[in-house]
Amino acid sequence: MSRVKGDIAIKNNSFKKSKGTGPTLVKLMIFDLWLIYKVRQICRHSFEVSHTLLRIIIFLAISTGILFICIHLNANINSTTCEKYITRKESKEHNNRILTISDHSKVETVLLKEEISKLKMKAFNLDKMIQKMNIELSNVQMSSKKTHLEMADFVSESVGGSVISTPDTESYFESKNTQFHIFGIPIWRPNYFTPRKVIQPWSQAGECWAFHGSHGKIVLELAVLATISHVTMEHIPVSISLTGKIDSAPRKFILFGYYKDQYILIDTFEYNIHGSSTQTFLITKREILSVPFKRVMLEILSNWGNEKYTCIYRFRIHGKSYE
């Protein structure tokens, strides 16, 4: 019985404690809500103040920038105006000085006019001289062109000349698109890329035989047995080159003749890209002039600077048939 009374007493005490803590929790919650509300008001008020300050600062910065630009432009305009004014003033002063000098030195004016007339006469004479030189140069070029046209070409393909081989020399093809392939095997390529082009006529840029590097050989067979007196090397002029230069043209070259089962030196030549596009060379060795040849070998020793390839547009051999 005493034990039951003790349990009832413990329950009453715990109920009293729980009844006392309830209002305290409610008060704490109300205080928290009030604190949160105050903090929100303070933050909102500070944001409005800072937003207004930011607007004022941005407006002041833009105004300052515009004012600085206006001042800078006005300074440039003023300096330009001052420079123009000073320039005009100096030019006026210079003109006034010239007028003053001319007014007080009529003798010097007469001498100046005489010097001007002399200079005009010299310029006229120089112009006449240049015209005369151009006429002479054109005559030389025409005579050179006429020379090779008036002589027979013993190695031309049209009269029976042919290409035998190109020893130690590989033809140059800049693009694979210039060749026709079937299953990756080249079956045909344009005729003007082959060595035969050396003994065929050409009409436009690119119709030449090109080989790798600056050194190459080509063996040619003459149409008939003949003695050789001249050779002609052809290349396009700079005026029709797409790149504005002809550095792939041959420079130094040698001609050998096949005689008694061996090649003997006929002569050495040099093609000049600053001269005519068609250049004819005389064989200088007199002992060679009487030797008949049926086969020759043209060896290119160098070109005019192209490291990739060298182009030969046409090579001619002139002389007399040997009977």
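This is a predicted model: local features need pLDDT of at least 70, side-chain atom pairs count only at pLDDT 80 or more; totals for chains, interfaces and linings use all residues.
User: How is a pair of aromatic rings described?

Analyst: By two values: the distance of the centres and the angle of the planes.

User: How many aromatic pairs does the structure hold?

Analyst: It holds 9 aromatic pairs. One of them joins Tyr-172 and Tyr-309. Their centres lie 4.7 Å apart, with 20° between the planes. That pair is stacked.

User: Which parts does the pair of Tyr-172 and Tyr-309 tie together?

Analyst: Tyr-172 lies in the loop between E1 and E2. Tyr-309 belongs to strand E10, residues 309-312. The pair therefore ties together parts that are 137 residues apart in sequence.

User: Is Tyr-172 buried or exposed?

Analyst: Tyr-172 has a relative accessible area of 13%. Buried means under 20%, so Tyr-172 is buried.

User: Now take Trp-209 and Phe-211. Is that pair stacked or tilted?

Analyst: Look at the angle between the planes. It is 45° for Trp-209 and Phe-211, and their ring centres are 5.2 Å apart. Stacked needs planes under 30 degrees apart, and edge-to-face needs over 60. The pair is therefore tilted. As for burial, Trp-209 counts as buried because its relative accessibility is 0%. Phe-211 also has 0% relative accessibility, so Phe-211 counts as buried.

User: Which residues do ring pairs link into a cluster?

Analyst: Phe-253, Phe-269, Phe-281 and Phe-315.

User: What about charges? Which ring does the charged end of Arg-251 sit over?

Analyst: The ring of Trp-304. The charged end of Arg-251 is 3.9 Å from the centre of that ring. Another case is Arg-295, which lies over the face of Tyr-258. Here the distance to the ring centre is 5.4 Å.

User: On to the backbone. What is phi of Asp-168?

Analyst: Near 55°. That is a positive value, and Asp-168 is a residue other than glycine. Asp-168 sits in the loop between strand E1 (162-165) and strand E2 (180-182). With a relative accessible area of 78%, Asp-168 is exposed, since exposed means over 50%.

User: Where is Asp-261 found?

Analyst: In the loop between strand E6 (252-258) and strand E7 (263-270). Phi of Asp-261 is near 65°, again positive in a residue other than glycine.

User: Is Asp-261 buried or exposed?

Analyst: Apply the cut-off of over 50% for exposed. The relative accessible area of Asp-261 is 68%, so Asp-261 is exposed.

Technical notes. Residues are numbered from 1 along each chain as its sequence is written. Side-chain values use heavy atoms; hydrogens and water are left out. Helices (H or I, at least four residues) and strands (E, at least two) are DSSP runs, numbered from the N terminus. Buried means under 20% relative accessible area, exposed over 50%, partly exposed in between (1.4 Å probe, protein chains only). Rings of Phe, Tyr and Trp (its six-membered ring) pair if their centres lie within 6.5 Å; planes under 30 degrees apart count as stacked, over 60 as edge-to-face and the rest as tilted. A charge sits over a ring if NZ of Lys or CZ of Arg is within 6 Å of the ring centre and within 35 degrees of the ring normal.
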